[in-house]
Each structure stands twice: as C-alpha cells, then as structure tokens.
Amino acid sequence: IANVPSGLHRKQSLCTTFSFSPTTPTQNNFWRRTKETFQQQSRMATAQIPDKEKNRNRLSKEKSPYLLQHASNPVNWYPWGEEAFRKARDEDKLIFLSVGYSTCHWCHVMERESFENPAIAQIMNEYFVNIKVDREERPDVDRIYMQFIQASSKRGGWPMSVFLTPDLKPISGGTYFPPKDTFNMPGFTSVLLTMAQQWSEHRTKMSIAAKKITELLEASCAFDVEIAGRLIDGKVPGCEVWDKCQEQMYDQYEPLHGGFSQAPKFPRPSLLKLLFHRHARFPEELDGVRSKAMALHTLDCMALGGIHDHIGQGFARYSVDSKWHVPHFEKMLYDQAQLAVVYSMAYQLTREQNYEYIVRDILTYVSRDLSHPEGGFYSAEDADSQVSHSSSEKKEGAFYTWDYDEVLQLLKKPLEGRPKYTQGELICFHYGIKPTGNIKPETDPRGELLGRNVLTIKNKPFETCDKFGIKFDELRKVISECKQILYKERLKRPRPHLDDKIITSWNGLMISGFAKAAFVFNDEMYKKRAIAAVNFIKKYLYNPINKKLLRSCYTQGGTITQLDHPIEGFQSDYAFMIQALLDLYECTFDQKYLIWADELQTVQDELFWDHGYAGYFSTVFNQNNIIRFKDDQDGAEPSGNSVAANNLQRLGMMLDNEEMKNKASQLLASFTSRLSEMPLALPEMVSALLLYHDSPVQVVITGTLENSETSELISVLRKGLVPGLIVMTTGEPDSFVCHKNGAINKMKPLNGRQAAYVCRGHTCTLPITSPSDLAIQLNI
C-alpha cells in the first residue's frame, strides 16, 4: 500500500492506491496460479468467437445506447443499482466500475481489447461484481469517482475504471488499460489479478484504506463550508475576481491559433462569452479591445480548422493539435448548442456575415442529424465508424476523412473559363488536401488516418482566387457545388453510431442555441424548432403531478421509451431548462414559458438549495452516492451553479422577486474562495458576477409582438450586443408579468404609441417611442 500526495481542487490530500505487482511469496503463488489459468483460457479463447446473442447480459434490459453496446460482452455486467450492490455485499467481492459513453473512442478500444475477450471476462466474472455506467445518464456517479481518479493519478478521462469495496468506496483505479502490460503501464489482466489477490489477502486493510480515502475525498472536494458560512450574509466578491480572471486568460491564451491551451485544444465557449462580456463592459479600454480580439480570433481559427466539419456542418468535440486541424471526431450536442450562442454573439458584436453563416451551419447540422421527429435533440455522433460496408473494422475519422485521388476523381469538372484546372484541384488547394495526406503522425498515434486528409481552410479565399484566376463569387459557387458532391458521396459511407438518448440538460442548452439565433436573426424557423423541443421536454421528460424533470429518455425505432424506474433530473437539468425557457420567452414573448421557468425554479430550490451554506447541490440526497457535490467548474458544460446565478438574476428582475435576487447574492458570496483562487475555472459565474455588480439592463416594451410598433422597438435590440440584456413585453393588462411585477404593470404606451422603458437597477428611463432613440439609449 502506497500513499500518494495529490491536490484536490483547493486542498492537499492523501489518497491510497495499490501497486499492480506482487511483492510476497504468497502473492507470487496467487499470481502464478491465476496467471496460468488465464493463459490457458486465452489459448482456448483464440478458437472461440463469442456468441453475441447467447452472451446477452443484464445490460440488454437497459435503454442507454452505451449500456446496450456492452450487452453482448461475455462480462457479466450489471447496471448501477441495488441488485449489483447486494451481490457485492452478499459475496464480499470488490466492484469493478466502468464508466464511459457511447461515442467515446477509447471506450470502444478497451471494449474490443478486454471486455470482448472471454479469458479476461472470466477473471472479471470470477473475482468481481462488474458494473457499467453511462456517464451522461448518471453524471452523479461519474463525478464522484472521477474526482477520486483525478486525485490519485493526477489525470482523468474515459473510460474510467475504478475498483470499489462492497460499500461503494473507491480503493484504486485508472482510465484506459491495455489488455497486456506495456513498457509504461500495467495491462488490464495484471490489474485485475493484483486487485483480486490484494482483496483476498488484505481485505480488512483495504476496507480501512477505502474508508479513509472517502473521508479525505469528501473533505477535499466538498464545498468550502467554513468560508461559505462566514460569507453567506456577507459581501459578494468584486473587481478583484474579474481582474484575476483576465490575467489568467491572458496567461493561457495561445495567440497564434487562438484558444486557451496547446494540444489538445477545446473550444471553451464559456470563456469566449466572458470575453465578449468584458469587451461590451469596457469597449474602449485596452482590456476590452484585447478581449474582443482574443474571442474573435479563436472563433475565426475554429471555423477555418478541421474541428469544423466543412462538408456536413457542425463542430467536433476538440482538436488533438494546437491548430484546430485534426479533430477528435465525435460531435456532441452540448458543443453545438453553446457554439451557436457564441457565434450569434459574435455576429451581434460585429455584424459580419461569416458569423451568421457559422450559426446557420451549426443549426443545419443539428436540425438534420441530431433531431427527433417530435422535437427532442439526440446526444452525439461517434468518432469511429466502419471503414466500409463490407468490413466490420472501425476506425476513428473513417466517415470524415478523404483520400487525395478520391477527391480529384469526384470533382473532375473543369473550372468555368479556366479549363486547365479542375474543381478537384481547386478544392485540394483551398482545403490543404495532399497526395500523402495532411495528418501528421504525432496526431495519429494508432495510425488510423495514414494517407487521409482532414479538410481545413489552408488558403484564404483571395489566395485561392489568385491561384486559379477566378473572382470571389465564382469561388463561392464552385465551393458550394463541390461540397454538395462530397456530402452526397460521404453519405454512401457507413455512418458513425448515433447516441439517440435525449438528455434534458443538453436539450436545454440546445433550445437556448435556437432561441438566441431566432432572436438575433429574426428567424421564425429557429423559433419553431425551439418551441418543438420545449414541447417535447414537457411531454416526455416532465412529471406534471410533482412538477419534476427527468434526466433522459430513449428512442427505439423512433418510439420514445423510458426506464422502469426513470432517473430524476439533476440540478443542471433544472438550471439549463430554466435558462432555455427564459431565452425562449425573450424571442416569443409568450408568458407560458416564463410561468414554467418560475415553477421549475421553485422546484430546483426545494430539491437542491443548501439552506445552510447557500449554492446548489448537484443531486438530491441519495444513500448510494457516497458524496454530495456542488458543481464548481465550467467545463465542457457550464456549471449548474453558474447558470443558476444568471437565472436567479434574470427571473428576479423579470418578476421583481427579492428572494431570487437574494439567492443570487448568497450563491455568489458562497463561491468567494473558488472565484478568488481560480476564477478561470468559472467564467460563466464570473460573467454572472459582473452582471450582479452592474445590474442587468432590462428593456420593457409595451404591447404585444403582433403590434407593429412593439415589433419595431424589439428589432432595435437585435442590432448590438448588450450582455445580460433582459427583454420583456407587458402583454395584456391582466398578464402573468403584470401580476408579478408591479412596476411593469405601470408601464403604458405614450400618447397612443407603444413605448420602451430602459431600466438599470431601480431606475428606468422615461418612455421611448422612437427606435433610433432606443438605439442611442442602449449604445447599439
């Protein structure tokens, strides 16, 4: 047993892990006997092909696409639940917990190498109770044990592999393990045998160590209770937070290609939104100018790079290099959602058409490939796919990459007026397609992309025009025509796996993406798409009796299905849906969305609010969760607490609700330690903090959307970026808004003309009836 010091976010701690090699004669005997058995089983297994129908395990009764992918493994998998826990307790066995998701490349690799191997499966089944978890379905389970893995190994990722005692306490683990020992890491077989031997001979010692680990984990990862207790009624942090955050952004910014790291490089939309907020707040100051430049340069480089699917639209999860060139090819709904919002903000700020083009590109992809006919949004598309219809072999990027000769063959048509060149030659020049491939070996460690090309705009339009002697309009026409040809050809390939489960929180983010675009571009189709998604959530993922949300639902053959015991919504599901409803209200001005947002806010407070130290827990109390966390990091998705901090301020202003405003204050104060030490981890909350100190700008316009004067005043608000802008219409005199907000009830038209009232804090302007005067008032 070795004690390994490690930092857990804010505090230092010790976590216990177990060495994966035998150290005593007794251990060596155990190892040798089991190893010999394993080798014999391996020889027998080479002549066996597992009968997938015969080997159906308990996961075959699940709905999650990820769990169903493993339903034919020879491993005796259990879903997370009491049946597995009872078996571990009754038989006093270690639990092997494997966590991943259906579009995870390395999850597929470990399955092929280990979980489909009958010999390895026999070891797993003999010595362990094996549990599979879809991290997207159960983010609570994932969060607890990923915290342990990051603490004990200083790294994390998926697949996550954790060994638990029968009472669910972690004792050891890692991420991906190869099936056999390699020069730099133990093989999965060795790990299994070592853990089985350790448990057999040191059961009491391991149980004590696991208990200590859990105590240390809870102490290190739990919220800053002492600080929160002192600050809950105290001062909300101020300018020192965003000044430090700006310094940290400058330190991490990569000026050549944009973004905030070297390889791998992630989009980080929460950071980009904060940069726009900083610019809008200080447009003439150096910090404001730099913030705008950093955000726009990053968005421009992403749009040009291979992380952007130039043929089929949308964005991949991240780039494996620093140039945004070679993506990790999976496409996630939450990335499309947040990037649609950020590119819409870029358009509002600059009025440049290329940003509108990218927003429409993203929403085209989501509408076409990630949409259920009834309105919900699917979760993701895989990075891996079959190399051909005649082969079962799968490779990462097989669907998305191109061979040089293939492109020339498909695009043989000569350029109009320039017959010595073909369309294929132009496309290869413009997108950097090379005869030997354009992917460097260091970005393709498994050699799956040898000789292949990822399309990335290598040469600027004017360079391509100069090279081929054509005008810009002709270039645009040729590129559009060629993209259609390549898109149709790509559809002939085997498609990547679609994870068609529908997650409430991610749908909330995507509804916001469509609603924001609907408002900015005054697009009725986007508005209808957002409404359809909200109706879907209300129909399939909401219980009107107890007013609670569910986490997810599933599609099988187009039919919506649900688990026998549905997973109830987590705090992020509520926060993201409340945000979505507020965004949808601000593009439809239909008060039923405001009413539902208010109801969900009440339920969220009842289920998740910490009445002792403020802030929201991520989960309700659950005896099978050894720790109850509060989200304190804006990562691939924003923290539920960050989104809630914005929601409370928006709803508080809209409904003139002092309790909500006070909750926002308490939440921000309770995060003082995290915001002061590492604000870059919470850019969405830093933005909420800026709004808190500035007070959101609220524009209330009399009348309804059907009134032309009201509509003209609303149109002014599309012309510029005002962070945290709250837009409302008074509606009818007896409306929900007028009933809840006495001040709005007093706002009337002026001399028979519809009027706008601009409010900051507790002060509102006189009524404004001229659209140009409203634009001047808002400086847009």
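Me: Where is Gln623 found?

Reply: In this predicted model, Gln623 lies in the loop between α22 and α23.

Me: Why is Gln623 called exposed?

Reply: Its relative accessible area is 67%. The term exposed applies to values over 50%, and therefore Gln623 is exposed.

Me: How far apart are Gln623 and His325 in sequence and in space?

Reply: They are separated by 298 residues in sequence and, from C-alpha to C-alpha, by 45 Å in space.

Me: What makes α22 oblique to α23?

Reply: Helix α22 (residues 591-608) and helix α23 (residues 640-654) pack at an angle of about 125 degrees, and their axes are 11 Å apart. Roughly perpendicular covers 65 to 115 degrees and roughly antiparallel begins over 145, so an angle between those ranges counts as oblique. Helix α22 is therefore oblique to α23. The crossing of these two helices is left-handed.

Me: Which residues of α22 and α23 meet, and how does their contact divide by class?

Reply: From α22 come Leu594, Ala597, Asp598, Gln601 and Gln604, which meet Ala644, Asn647, Leu648, Leu651 and Met654 of α23. By class, this contact has six nonpolar, three polar and one charged residues.

Me: What makes α27 roughly parallel to α30?

Reply: Helix α27 (residues 708-716) packs against helix α30 (residues 771-778) at an angle of about 30 degrees, with 9 Å between their axes. Angles under 35 degrees count as roughly parallel, so α27 is roughly parallel to α30. The crossing of α27 and α30 is right-handed. Glu712, Leu713 and Val716 in α27 meet Pro771, Leu774 and Ala775 in α30. The class count for this contact is five nonpolar, no polar and one charged residues.

Me: How many residues does the largest nonpolar core have, and which have the most contacts inside it?

Reply: The largest nonpolar core has 203 residues, and those with the most contacts inside it are Trp80, Leu97, Tyr145, Tyr343 and Leu594. Apart from this core lies another, of 22 residues, including Ile311, Trp402, Tyr421 and Leu455.

Me: What is Leu97 in contact with, leaving aside its neighbours within four places in sequence?

Reply: With those neighbours set aside, Leu97 is in contact with Trp80, Ile131, Val133, Val141, Tyr145, Met160, Ser161, Val162 and Leu164. In soluble globular proteins, nonpolar side chains tend to be buried together.

Note on methods
Residues are numbered from 1 along each chain as its sequence is written. This is a predicted model: local features need pLDDT of at least 70, side-chain atom pairs count only at pLDDT 80 or more; totals for chains, interfaces and linings use all residues. Side-chain values use heavy atoms; hydrogens and water are left out. A nonpolar core is a set of buried Ala, Val, Leu, Ile, Met, Phe, Trp, Tyr and Cys residues joined through side-chain atoms within 4.5 Å. Buried means under 20% relative accessible area, exposed over 50%, partly exposed in between (1.4 Å probe, protein chains only). Contact means heavy atoms within 4.5 Å. Axes are lines fitted to C-alpha atoms, for helices over the stretch in contact, and angles run from 0 to 180 degrees between N-to-C directions. Helices (H or I, at least four residues) and strands (E, at least two) are DSSP runs, numbered from the N terminus. A crossing is left-handed if the near helix is turned anticlockwise from the far one by less than a right angle, and right-handed if clockwise. Ala, Val, Leu, Ile, Met, Phe, Trp, Tyr, Cys and Pro count as nonpolar, Asp, Glu, Lys and Arg as charged, and the others, Gly among them, as polar.
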